[in-house]
Amino acid sequence: MDAFIIEGGNPLQGEVTISGAKNAVLGIIPAAVLCACSSKIENVPDIKDVNKMIVILEKLGAEIYREKDTLIINTEKPISYDVSDYEEETGQMRASYYLLGALLGRYRKAIVPLPGGCNIGDRPIDQHIKGFQALGATVVIEHGQVKMEAPELKGAHIFLDVVSVGATINIMLAAVRADGKTIIENAAKEPHIVDVANFLNLMGANIKGAGTDVIKIVGVEEMHGCEYSVIPDQITTGTYMMAAAATEGDILIKNVIPKHMEAITAKLSEMGVIVLEEDDGIRVIGKHPLKAVNVKTMPYPGFPTDLQQPMAVLMTIAQGTSTITESIFESRFKYVDELRRMGANISINSRTASITGVKALSATKIRTTDLRAGAAMVIAGLIADGETKITEIVHIDRGYENLQENLRNLGADIRRISEKDPACL
Ligand code: EPZ
């Protein structure tokens, strides 16, 4: 049970380089099983969810070689479409649902346990199932497993009832090898959707319109291996931007795509933060006092829900009252009690938090409730008066590569301690 100890008060200074996008690579790795081939994937982040996905694919029979941030995935030998024995691994992350689309695409059948992932609200997969059924699959959910079979996988016209990242990618994974044309309407447009589609097209798929709300896919019989480099992580970039803003720091964030950061840059600028696009990255200069703002999370290109929690921490020390409305997940404010323990002034009304700025947060012991809440707790520790202890940081390790080393290199006083599991004390 690792924990972080942070002595607050140091403005972040210097440079940090962003690693590959978690929510892109978690779609790209399963996509590599869509043919008997070998693919090379670069800029793969060293994070727990990726390592788990690799373990699952190896247990299914794939041969995976890793060197630094490069993976070679070889699925020339047949791999199993039955993932039912690996519930422990699949239950610890959401993206295990991508094995459904990929295995259905390759084998016309798949048995995969229902996914796990962050406890941020009701997270059904009805839109995924709807898409697979439209492509001709029979789908049975029993004993915690999704069992699918499609003697014939046929292209279809699919209208998503909600804008879903997972359903958009999963249907793409199955449809690239279906007979005929598939149209996904009301599709999600996140950068990671485009990244997965680009990877699939390099494998020989025929996808058009990824990044728009209408994606057209013409199924192909054959696919082949490819070489691909994953895009930088939009959410990790945003997390460092907010850490710099909160600590009144001045950092250069390298290996970023400024276009992906527009919604975040706009809100930070409204708060008075200076965000400069430079040749080799984005420079963020925190200027206090921060001004209060109103934010509503939306699907891309709107303000990402995965930065809602870090943004709330900035608002706790802004001048005036800010509001943050969570439109994607219905219970993504679990972290609020932890911030209140640090003296934050927050009231919640349904899906909106009203945050009135205080002079400073005070350090104490706080816990991590999920991945992005964990990042928010770290930022709170960086600005709090005194020594903060953050427990259950295993959540953070799921999605951030080398967080404490990177922050230390930026001048933060942060260290990781390993403790005996409280349950055992
Ligand atoms: C992906 O989750 C990301 N996870 C999440 O990031 C991110 O918060 C979310 O997209 C939104 O951007 C991965 O990519 C692995 P959705 P996903 O399907 O696919 C409802 C992180 O911190 N919905 O876009 O689960 C759903 O309940 C994680 O990295 C249905 O109703 O999100 C939600 O309200 C946390 N039926 C909304 O749609 C469905 O079949 C958006 O969910 C699917 C979704």
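Q: In this predicted model, which elements cover the buried residues of helix 9?

A: A covering element is one whose heavy atoms come within 4.5 Å of the residues in question. For the buried residues of helix 9, the cover includes helix 8 (234-246) and helix 10 (308-316), together with strand 15 (274-278) and strand 17 (294-296).

Q: Which residues of helix 9 are buried?

A: A residue is called buried when its relative accessible area is under 20%. In helix 9, which runs over residues 262-270, this applies to Ala263, Ile264, Thr265, Lys267 and Leu268.

Q: What does the backbone do just after helix 9?

A: Gly272 takes a positive phi there, of about 100°.

Q: How many helices and strands does the protein chain have?

A: The secondary structure comes to 14 helices and 23 strands.

Q: How does the radius of gyration of the protein chain stand against that of a compact globule?

A: The value is read against what a chain of that length would give as a compact globule. Along its principal axes, the C-alpha trace spans about 65 × 45 × 40 Å.

Q: What share of the contacts joins residues 24 or more positions apart?

A: Among contacts with a separation of 6 or more, such pairs account for 73% in the protein chain. Buried residues, for their part, make up 56% of the 425 residues.

Q: How many positive and negative side chains are there, and how far apart do the centres of the two sets lie?

A: The protein chain has 43 positive and 54 negative side chains, with the two centres 3 Å apart.

Notes. Residues are numbered from 1 along each chain as its sequence is written. This is a predicted model: local features need pLDDT of at least 70, side-chain atom pairs count only at pLDDT 80 or more; totals for chains, interfaces and linings use all residues. Side-chain values use heavy atoms; hydrogens and water are left out. Buried means under 20% relative accessible area, exposed over 50%, partly exposed in between (1.4 Å probe, protein chains only). Helices (H or I, at least four residues) and strands (E, at least two) are DSSP runs, numbered from the N terminus. The radius of gyration is taken over C-alpha atoms; the globule rule is 2.2 Å times the number of residues to the power 0.38. Lys and Arg count as positive and Asp and Glu as negative; His and the chain ends are not counted. The place of a charge is taken as NZ of Lys, CZ of Arg, CG of Asp or CD of Glu.
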